Amino acid sequence: MEVSHPDRVLFPDDGITKGDVVDYYRRVAPVMVPHLRDRPLMLERYREGIDQGGFYQKEASEYFPASIRRVEVEKAGGVVHHPIVDSEDGLVYLANQGCLTFHCWTARADHPHQPDRAVFDLDPPPVDGAFATVRATALRLRQLFHRLGLTAFVQTTGSRGLHVVAPIVAGPDHDEVLAFAGALARVLAASDPTRLTTEFRKAKRGGRVYLDIARNGYAQTVVAPYSVRARPGAPVATPLDWDEVRTTRLRPDRRTIGNVFRRLGAKADPWRGMAHHARPLPEAWARLDPLTATRAS
């Protein structure tokens with residue numbers, strides 16, 4: 001595929017061009033596409049550069065080629081035809097269309113009302129040292145998931161925080177998964193109320209890490225692994241080993257399109273085979289209920 005305007009600078013502070021971004025997605029496709037396959041996507045596009053503003057796109061454009069599959073899903077008052085990327089060709093095509101970041105559903109196209117993962121977005125306040133609390137919280141959340149019989153995976157967002165994800169067997173709907181995540185978040189926040197909160201309003205968080213579970217709702221999306229973020233340096237959302245979360249050297253924007261391949265060359269993708277660890281949500285609910293009762297008392 002011929003890249004249009006390959007010399008257009010998308011990251012002005014770094015001199016990173018559209019050609020650089022397209023080349024990145026071509027190289028990372030073998031690792032990234034399995035995380036996108038069969039999932040409805042929302043595209044975050046920047047045609048002229050991150051300093052010129054971008055836009056989100058849910059509806060697949062009519063001119064998208066056959067390499068971009070479409071799935072029709074319900075929305076309030078109608079339907080949306082989300083794009084789906086199943087191949088390197090599709091990924092590279094969308095990168096050439098100015099798509100920097102790929103946001104994917106927590107459910108697959110064949111069962112859009114039944115998510116196959118529960119997601120926590122650990123969102124730090126804009127204060128010094130807050131990311132240390134994010135790292136500690138991710139490790140505690142992993143332990144909680146383990147107590148409930150679930151396996152936790154973690155990635156940097158490429159922005160400010162961490163995502164902790166537990167694969168589940170598809171079956172319960174989004175409302176059930178959202179309720180489960182909310183109950184677990186309340187248990188975790190109650191264990192450390194000076195540093196953690198489930199308060200939606202920023203003005204009431206008081207400098208605490210926000211346990212954001214909203215991405216478990218219907219039609220909500222999560223930044224896909226290895227997506228480029230529209231921030232200086234072109235950071236990349238990067239799956240991690242849990243040992244990496246323990247190190248004080250970790251930063252949420254440490255990996256970029258300029259250095260992530262050194263890491264991929266040294267170790268396998270930590271999220272590879274995630275689906276094999278899926279467990280039934282009702283069993284996790286049963287184990288969570290006693291913890292919820294303890295906190296309530």
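Hi everyone, let me start with a definition: two strands count as paired if DSSP finds at least two bridges between them. Helices (H or I, at least four residues) and strands (E, at least two) are DSSP runs, numbered from the N terminus. This is a predicted model, where local features need pLDDT of at least 70, side-chain atom pairs count only at pLDDT 80 or more, and totals for chains, interfaces and linings use all residues. Residues are numbered from 1 along each chain as its sequence is written, and side-chain values use heavy atoms, with hydrogens and water left out.

Now, the sheet. Strand 3 (residues 41-45) and strand 7 (residues 99-105) run antiparallel and are joined by 5 bridges. L41, for instance, has C104 in strand 7 as its bridge partner. Zooming out, the open sheet has 4 strands in the order 4-3-7-13, with antiparallel pairing. Strand 4 (55-57) and strand 13 (221-223) each have a single partner strand, so at these edges one side of each lacks a neighbour in the sheet. From one strand to the next, the twist averages 30°, with axes fitted to C-alpha atoms (for helices over the stretch in contact) and angles running from 0 to 180 degrees between N-to-C directions.

Helix 1 (residues 18-36) packs on this sheet, touching strand 3 and strand 7, and its direction makes about 5° with that of strand 7. Contact here means heavy atoms within 4.5 Å.

Helix 1 also turns up in our last topic: with 3 residues, it gives the most to the lining of the largest pocket. Thanks, everyone!
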